[in-house]
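Please read them beside the model.

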Amino acid sequence: MGDKPIWEQIGSSFVQHYYQLFDTDRTQLGAIYIDASCLTWEGQQFQGKAAIVEKLSSLPFTKIAHSITAQDHQPTPDSCILSMVVGQLKADDDQILGFQQTFLLKNYSSAWVCTNEVFRLALHNL
């Protein structure tokens, strides 16, 4: 991993950490947000650590597993990291679904936090 740019190393580590927490105990995700963080989940807006964790914790499934297909990371001019993730998820006994998720990461008090996040299932209404 040492030959990758630092923003790719940080972005990849964040993505791995995020989905490990999401898949095992969503209530622990509060550690990666700040009170100014924003989440758009399937078009619904949530702002603040408490509102985001409440939304993620209340999702209507008991078990979930994410499989990451691809992830891309870019540095931003204001020293943040933009991360985009494409993958598949399986919740409870539901069918496997594709998803896309984007994170904006910022170094805040010597830790990388998620200030902005957008999630969409890859569903197509024909």
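1. Which strands each supply at least two residues of the lining of the largest pocket? They are β3 (64-75), β4 (81-91), β5 and β6 (111-121), strands being DSSP runs of E of at least two residues, numbered from the N terminus.

2. The model is predicted: local features need pLDDT of at least 70, side-chain atom pairs count only at pLDDT 80 or more, and totals for chains, interfaces and linings use all residues. Residues are numbered from 1 along each chain as its sequence is written, and side-chain values use heavy atoms, with hydrogens and water left out.

3. The largest pocket has a volume of about 280 Å³. Its lining comprises 17 residues, of which Phe61, Ile64, Leu89, Ala91 and Leu121 are the closest to the centre.

4. Ten aromatic pairs are counted; rings of Phe, Tyr and Trp (its six-membered ring) pair if their centres lie within 6.5 Å, and planes under 30 degrees apart count as stacked, over 60 as edge-to-face and the rest as tilted. Tyr18 and Phe22 form a tilted pair, 5.8 Å centre to centre with 40° between the planes. Because these two residues are four apart in helix α1 (residues 6-24), about one helical turn separates Tyr18 from Phe22. Helices are DSSP runs of H or I of at least four residues.

5. Tyr19 and Phe99 are also tilted, with ring centres 5.9 Å apart and planes at 55°. Tyr19 lies in helix α1 and Phe99 in strand β5 (residues 97-108), so this pair ties together parts 80 residues apart in sequence.

6. Ring pairs link Phe14, Tyr18, Tyr19, Phe22, Trp41, Phe99, Phe103 and Phe119 into a cluster.

Technical notes. On a 1 Å grid over the protein atoms alone, a cavity is a set of points where a 1.4 Å probe fits but cannot get out, and a pocket is an open set with protein on both sides within 12 Å along at least five of seven lines; lining residues have an atom within 4 Å of a point. Grid points are joined across faces, edges and corners, and a volume is the space filled by probe spheres set on the points.
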